[in-house]
Amino acid sequence: MTIRYPNGKKYVADTKAAAMKQTPLRDSYSNRGMTLEEDLNETNTFYLERGLAVIHKKPTPVQIVQVDYPRRSAAVIKEAYFKQASTTDYNGVYRGKYVDFEAKETRNATSFPLKNFHKHQIAHMENVEKQEGISFVIIRFTLTEEIFYLPASRLFDFWSRMENGGRKSITKAEIESSGFSIPTGLHPRIPYLSVIDKLYF
């Protein structure tokens, strides 16, 4: 499947592989190959099934342009366009509070590049904060399997520093001092609600 971004660039996706990727894997603590998205999706399913929170990955609006029908019972999307720029990855409700966050991974061992964010995502998180919602970023350093919760307010500081000519990344030491380490577990995989409890309740 070919997807066109608003800037005209194309992205070709393997629809079969994408469908497999979206299937949550159960009891997979030993599976170190899981992506951050898969781990978060599994975590959110755990929270939902136990009535703790309702948080989902946001679907990206896509306009389908070309569809092929290789056989009667199957349809294959050949070309589609992203209708609009996405905001953040996840949103929902927890203990009466609106929750909205972005999830990012990096193979960099000592810092997190700010180029992984877009200006419209920062603006969206700022709007969430203004409405007294809970906004944050979950960052995974894949080489060490370390996961951190970084409040949006601290991300804004680092973003502003970059826009004013400062460094274009957040050092790992800054993330460690400004954020909260999230130890991975079995159920749930990434217990980020425990950090929200500590900060807001």
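Tyr 149 is buried, with a relative accessible area of 0%; buried here means under 20% relative accessible area, exposed means over 50%, and partly exposed is in between, using a 1.4 Å probe and protein chains only. This is a predicted model, where local features need pLDDT of at least 70 and side-chain atom pairs count only at pLDDT 80 or more, while totals for chains, interfaces and linings use all residues. Residues are numbered from 1 along each chain as its sequence is written, and side-chain values use heavy atoms, with hydrogens and water left out.

The structure holds 11 aromatic pairs. To count as a pair, rings of Phe, Tyr and Trp (its six-membered ring) need centres within 6.5 Å; planes under 30 degrees apart are stacked, over 60 edge-to-face, and the rest tilted. Phe 136 and Tyr 149 make one of these pairs, stacked at 4.2 Å centre to centre with 15 degrees between the planes. Phe 136 sits in strand E9 (residues 134-141) and Tyr 149 in strand E10 (residues 146-151), so the pair ties together parts that are 13 residues apart in sequence. Another pair, Phe 141 with Phe 148, is edge-to-face: 6.0 Å centre to centre and 85 degrees between the planes. Phe 141 and Phe 148 are both buried.

The charged end of Lys 172 is over the ring of Phe 141, 5.3 Å from its centre, and that of Arg 95 is over the ring of Phe 201, 4.1 Å from its centre.

Now for the sheet. Helices (H or I, at least four residues) and strands (E, at least two) are DSSP runs, numbered from the N terminus, and the chain has 6 helices and 12 strands. Two strands pair if DSSP finds at least two bridges between them. Strands of a sheet pair through backbone hydrogen bonds, either parallel or antiparallel. Here, 6 strands form an open sheet in the order E3-E6-E7-E9-E10-E12, with mixed pairing. Its edge strands are E3 (54-57) and E12, each pairing on one side only. Some of the pairings look like this:

| Strands | Bridges | Sense |
|---|---|---|
| E6 and E7 | 5 bridges | antiparallel |
| E7 and E9 | 8 bridges | parallel |
| E9 and E10 | 6 bridges | antiparallel |
| E10 and E12 | 2 bridges | antiparallel |

The bridge partner of Ile 138 in E10 is Tyr 149, and Tyr 149 stands opposite Phe 180 in E12. E10 is mostly covered, with 5 of its 6 residues buried. The hairpin of E9 and E10 has 4 residues between the strands, and there Glu 145 takes a positive phi near 60 degrees.

On to E7 (residues 97-106), where 7 of the 10 residues are buried, so this strand is largely enclosed by the rest of the structure. Across to E9, Val 99 stands opposite Ile 134, and the bridge partner of Glu 102 is Val 137. In the hairpin of E6 and E7, with 2 residues between the strands, Arg 95 takes a positive phi near 50 degrees.

Which residue lies in the loop between strand E5 (74-82) and strand E6 (90-94)? That would be Asp 89. Asp 89 is buried, with a relative accessible area of 17%. Leaving aside neighbours within four places in sequence, Asp 89 is in contact (heavy atoms within 4.5 Å) with His 56, Lys 57, Lys 58, Phe 101, Glu 102 and Ala 103.

Towards the end of the numbering there's helix H6 (residues 193-200), whose buried residues are Leu 193, Val 195 and Ile 196. They cover an arc of only 150 degrees around the axis, which puts them on the same side of H6; the arc is that of the directions from the helix axis to the C-beta atoms.

Finally, the whole chain: of its 201 residues, 40% count as buried. Among contacts between residues at least 6 apart in sequence, 61% join residues at least 24 apart.

Notes:
Lys NZ or Arg CZ within 6 Å of the ring centre and 35° of its normal.
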